[in-house]
Amino acid sequence: FLPPGDGPFAGVIDMFGSTGGLAEYRAALLASRGFATLALAYFAYDDLPRDPSSVVLDYFEEAADWLLGLPNVHSHGVGVVATSKSGEIALSMAAHMNKVAAVAVVSSPTAVTADPLPYKDMVFPCARWVLDQIEFTEEGYMNHLNILEDLNKEPGVKAWVQVEKAECPIMFVAGEEDLDMPSVLHANQAIARMKAHGKTNYTLLQYPG
């Protein structure tokens, strides 16, 4: 999605979570605000893998390179906006790719979850989902707060994204009563890692509800 005019425009990759498919409404909105925005599907769409277990981080680097190669997009780096599952991918991009200029993650884990994440000659370990730990509210909604194995001990502790390696600004957007992901806890864990390494390139927007 491109804004009106000739540009060049700041480029943004826009991604959503574990439902897969392609959602374009936020990309269109960002384009209306002046950003050249790539709505990026990464599974359960067209010829892409049917589930996220086959996702590799290199795919997202190729998407960033493609966007940066467009003549009407600034070449100095891409922004990434990501919700839920895709937030861990956006943070991994920021940690390991200098072509990422800014990241905003919304209601996202800050650890690699469910499946390991390959990148080049590395494989980032994950925290597994423990499906029998899903609970239900009185209204019948699923509560995913305890779905991940313990991230404070082996092997889950190795799953935290190495956000301290990121040089770009990172914004964490988290709801205090989010039942899909304990996003405040995850955001604060990532910020603690960054602080421990002397980093100040983070912002937390924490909301009630």
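The reply below treats helix H4 and what lies around it.

Reply: This is a predicted model, in which local features need pLDDT of at least 70 and side-chain atom pairs count only at pLDDT 80 or more, while totals for chains, interfaces and linings use all residues. Residues are numbered from 1 along each chain as its sequence is written, and side-chain values use heavy atoms, with hydrogens and water left out.

Helices (H or I, at least four residues) and strands (E, at least two) are DSSP runs numbered from the N terminus. Helix H4 covers residues 183-196, which is 14 residues. Its expected span, 1.5 Å times one less than the number of residues, is 20 Å, and this agrees with the 20 Å between its end C-alpha atoms.

Ser183, Val184, His186, Ala187, Ala190, Ile191 and Met194 of H4 are buried, meaning under 20% relative accessible area with a 1.4 Å probe and protein chains only; exposed means over 50%, and partly exposed lies in between. Viewed down the axis of H4, the buried residues fall within an arc of 165 degrees, so they line one face of the helix. That arc is taken from the directions from the helix axis to the C-beta atoms. The face turned away from the buried side carries the exposed residues Leu185, Lys195 and Ala196.

The buried residues of H4 pack against strands E9 (170-175) and E10 (202-207). Ile170 and Met171 are also among the residues in contact with Val103, contact being heavy atoms within 4.5 Å. Just after H4, Gly198 takes a positive phi of about 75 degrees.

Technical notes
Lists of a residue's contacts leave out its neighbours within four places in sequence.
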